[in-house]
Amino acid sequence: MSCKKLMIVDDSPAIHLIIEKAAKANGYEVCAHAKNGDEAVKQFEQTLPDVVTMDITMPIKDGLTASKDILSKYPNAKILMLSAMGDEELINEAKSIGITRFIRKPFKGEDIINEINNMLQ
Amino acid sequence: MEYIEYFKESIKETFEMMFDENITLDSENPAPGWIESKGVAVVVGITGVKKGRVLVDMPISTALELAVKMDSELNNEDLALYTIAEFCNIASGGAITAINNNCGQSALRLVTPSIFSGTNARIFSPGLKSAMLSYTTTFGKIDFHIGFEGV
């Protein structure tokens, strides 16, 4: 079985490191890193990852807008939203653009992997 | 300050989840108009119905130890600064989420953190009513300055 490709989108290098470590330890290939939503949209089109971890609050373009851009062109894209925020309005906004998976920060690497495994089943 | 209890709760919960260590609130006082940084300062802006900011301040040695405590590979100064920025962002996000869910019509949002590093830095915050929460941890002292316009 070929290993699944993951793209990590977050403006914090510390978060990239933590997710990448957990992903590699669980057999995922990290095919792309992006530090804002604009980079995320471009990297998605170039690498077509199986799953994306997407932060919300980022410079240049936020994660909700980037997800909307990606899902409008690739409606089957699997995006796991990660955020320090998690109020009802924000979650409803995420759901309205097609995001169904959401994890509040802080998280452990294994939390992300469990959620990604569920998304790819 | 109206919102301060939400921040106290979120800071404690976030610190203990990220670093698996206890954090103890030593004092709560009105914040001075300026802050002389201990070495690392992170500012997270708050926008929405009310505007404000959260500033966390600590020595660089504390930032480095905390980062390594979270993950042994976060062992250089740049990664330590990003780790503390993420801590401030998550602690602020937890508080803002609770405020939005419990204090109707708040609709507050966070702005990407700004990081300041260096000695002899003074940071001014005119026009904000701020509270200073001083904490003790096994890695050193950490101060939070939480301010909002007109709260």
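Which residues does B:C88 touch, not counting residues up to four places away in sequence? The list is B:V42, B:V44, B:V54, B:V56 and B:P113. This is a predicted model.

## The nonpolar core

B:C88 belongs to the largest nonpolar core, which has 77 residues. B:C88 is also among the residues with the most contacts inside that core.

In soluble globular proteins, nonpolar side chains tend to be buried together.

## B:I96 in helix α3 of chain B

B:I96 sits in helix α3 of chain B, which covers residues 77-102. Is B:I96 buried or exposed? B:I96 counts as buried because 29 other C-beta atoms lie within 10 Å, and the cut-off for buried is 20 or more.

Beyond its neighbours within four places in sequence, B:I96 contacts A:M85 in chain A. In chain B, it contacts B:I46, B:L108 and B:L110. B:I84 is 12 residues from B:I96 in sequence. In space, the two are 18 Å apart, C-alpha to C-alpha.

## Where the chains meet

How many residues of chain A are in contact with chain B? There are 19, and they meet 23 residues of chain B. On the chain A side, the elements that give two or more residues are α1 (13-25) and α4 (88-96). α1(A) gives the most, with 5 residues. By class, the chain A side has 10 nonpolar, 4 polar and 5 charged residues.

## α1(A) against α3(B)

The axes of α1(A) and α3(B) come within 7 Å. They cross at roughly 95 degrees. The two helices are therefore roughly perpendicular to each other, since the range for that term is 65 to 115 degrees.

From α1(A), the residues that meet α3(B) are A:P13, A:A14 and A:I15. Their partners in α3(B) are B:L79, B:Y82, B:T83 and B:E86. By class, this contact has 5 nonpolar, 1 polar and 1 charged residues.

## α1(A) against α5(A)

α1(A) also meets a helix of its own chain, α5(A), which spans residues 109-120. Here the axes come within 9 Å and cross at roughly 60 degrees. This pair is therefore oblique. The crossing is right-handed.

α1(A) brings A:I18, A:I19, A:K21, A:A22 and A:A23 to this contact. α5(A) brings A:G109, A:E110, A:I112 and A:I113. By class, the contact has 6 nonpolar, 1 polar and 2 charged residues.

## A:P106, a loop residue

Where does A:P106 lie? It lies in the loop between β5 (101-104) and α5 of chain A. A:P106 is buried, because 24 other C-beta atoms lie within 10 Å.

Leaving aside neighbours within four places in sequence, A:P106 is in contact with residues of chain B: B:T14, B:M17, B:M18 and B:I90. A:P106 and A:I15 are 91 residues apart in sequence. In space they are 9.9 Å apart, C-alpha to C-alpha. A:I15 is one of the α1(A) residues that meet α3(B).

Key. Residues are numbered from 1 along each chain as its sequence is written. Chains are lettered from A and ligands numbered from 1 in the order in which they are written. This is a predicted model: local features need pLDDT of at least 70, side-chain atom pairs count only at pLDDT 80 or more; totals for chains, interfaces and linings use all residues. Helices (H or I, at least four residues) and strands (E, at least two) are DSSP runs, numbered from the N terminus. A residue is buried if 20 or more other C-beta atoms lie within 10 Å of its own, exposed if 12 or fewer, and partly exposed in between; C-beta atoms are placed from the backbone. Two residues are in contact if their C-beta atoms, placed from the backbone, lie within 7 Å. Ala, Val, Leu, Ile, Met, Phe, Trp, Tyr, Cys and Pro count as nonpolar, Asp, Glu, Lys and Arg as charged, and the others, Gly among them, as polar. A nonpolar core is a set of buried Ala, Val, Leu, Ile, Met, Phe, Trp, Tyr and Cys residues joined through C-beta atoms within 7 Å. Axes are lines fitted to C-alpha atoms, for helices over the stretch in contact, and angles run from 0 to 180 degrees between N-to-C directions. Angles under 35 degrees count as roughly parallel, over 145 as roughly antiparallel, 65 to 115 as roughly perpendicular and the rest as oblique. A crossing is left-handed if the near helix is turned anticlockwise from the far one by less than a right angle, and right-handed if clockwise.
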